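Please keep the sequence and the structure in view while reading.

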Amino acid sequence: MFSMFQEKRGVALPIAMLFMVGCGGGGGDAGNDSGGDAETAQATSSVDPSSAGNVIGTISFTGPVPAMQTIDMSEESVCADKHPAGAMTESLVVDDDGGLANVFIYVKEGLEGQSFSPGPAAVIDQNGCVYHPHVLGVMAGQDITIRNSDGVLHNINASPTENRPFNVSQPVVMETNRSFRVAEVMIPLRCDVHGWMNAYVGVLDHPYFSVSAVGGSFSLETLPPGDYVIEAWHEEFGTLQQTVTVTTGETTEITFAFDESMAGVDVPMGEPWILDHADHGAHTAQSDTP
């Protein structure tokens, strides 16, 4: 049964294309339609900025790039009119140089014992019958404002494994707040009214995450010195991992390379490929991958 709680109708707030918490807003707008400016929220942590370092990098895709699929919105004219050039799927957004957008990058290991508090609400906007952003990062317990900017019936069906699922109906221009209690990468969202609408939310217990922009760039800023496992997640190609060392005042640069051979893996629950930083892009599968 659909439910509606904590709703706010007709409130105009900035749209968050990328929600970074205390990490400097690495990434940027991904996909074909940015939908608005980035919002940045500050988290409370025990990290001393004067001793911190950064990780920056790019995500690439190698091999023939499948053509992006056109979305047929002819039966929903309100949304179709918002895409005069035609709406396209966002599951594989690759630029001319091979940069891959909409990849979720985050610290998977290395922050144990650190304490963080979530910032203000992130925003997912349904505008033109498309979720903006397509991939979102939040902290556990952080509010997510789900907005209907179309004024047509949407429902937001979240299907987590570790968190409580929800299915929220929004028949008019309005907002609804939800949150996820525990860390989980990733949580699929879909609209049961418009079958092409889907998005993903990565939930973490720390603020060190990013979503790659068009061109594949990302950043993880103000990390305490130490050794980390960084994971990159993509909805079509699964996950890659690297280990990095962060030192005070330094910026470590890394790259992740997805390719066509990785298509068809179990996502988001599949075991990651392991990528050693010294291998410069080579990858091998884990022997215990199911």
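A disulfide is taken here as a pair of cysteine sulfur atoms within 2.5 Å. By this rule the model contains one disulfide. The model is a predicted one, in which local features need pLDDT of at least 70 and side-chain atom pairs count only at pLDDT 80 or more, whereas totals for chains, interfaces and linings use all residues. Residues are numbered from 1 along each chain as its sequence is written, and side-chain values use heavy atoms, with hydrogens and water left out.

The disulfide is formed by C79 and C129, whose sulfur atoms are 2.1 Å apart. In general, such a link is a covalent bond between the sulfur atoms of two cysteines. The torsion about the S-S bond of C79 and C129 is about 60°, and the disulfide is therefore right-handed. C79 belongs to helix α1 (residues 77-80), while C129 sits in the loop between β10 (122-126) and β11 (131-132), so the pair ties together parts that are 50 residues apart in sequence. Helices (H or I, at least four residues) and strands (E, at least two) are DSSP runs, numbered from the N terminus. Are the two cysteines buried or exposed? Buried means under 20% relative accessible area, exposed means over 50%, and partly exposed lies in between (1.4 Å probe, protein chains only). C79 counts as buried because its relative accessibility is 0%, and C129 counts as buried because its relative accessibility is 0%. C191 is in no disulfide, and the nearest cysteine sulfur, that of C129, is 7.3 Å away. C191 is buried as well, with a relative accessible area of 2%.

The protein as a whole has one helix and 24 strands. Buried residues make up 49% of its 290 residues. Contact means heavy atoms within 4.5 Å. Among the contacts with a separation of 6 or more, 65% are between residues 24 or more positions apart.

How are the strands arranged in sheets? Two strands are said to pair if DSSP finds at least two bridges between them. R190 has N198 in β18 as its bridge partner.

Another open sheet has three strands in the order β20-β5-β23, again with mixed pairing. Here β20 (217-223) and β23 (251-259) are the edge strands, each pairing on one side only. Strand β5 (residues 53-62) pairs with β20 in the antiparallel sense over five bridges, and G57 stands opposite F218 in β20.

Strand β21 (residues 226-234) is mostly covered, with seven of its nine residues buried. Five bridges join β21 to β8 (residues 104-109), and the two run antiparallel; V107 stands opposite I230 in β21. Nine bridges join β21 to β22 (residues 238-246), also in antiparallel fashion. These two strands form a hairpin with three residues between them, and H234 has G238 in β22 as its bridge partner.

A nonpolar core is a set of buried Ala, Val, Leu, Ile, Met, Phe, Trp, Tyr and Cys residues joined through side-chain atoms within 4.5 Å. The largest such core has 38 residues, of which I59, F104, L223, I230 and F258 touch the most other members. Apart from it lies another core, of 26 residues, among them A87, A122, M197 and V201.

The last stop is N148, in strand β13 (residues 144-148). N148 counts as buried because its relative accessibility is 0%. Which backbone atoms does its side chain reach? A polar contact is a pair of N or O atoms within 3.5 Å; within protein, one must be able to donate a hydrogen and the other to accept it, and residues adjacent in sequence count only if both atoms are side-chain atoms. The side chain of N148 reaches the backbone nitrogen of D150 at 2.9 Å, and a polar atom of that side chain lies 2.8 Å from the backbone oxygen of V152. Not counting residues up to four places away in sequence, N148 touches several others, including D125, Q126, H154 and Q170.
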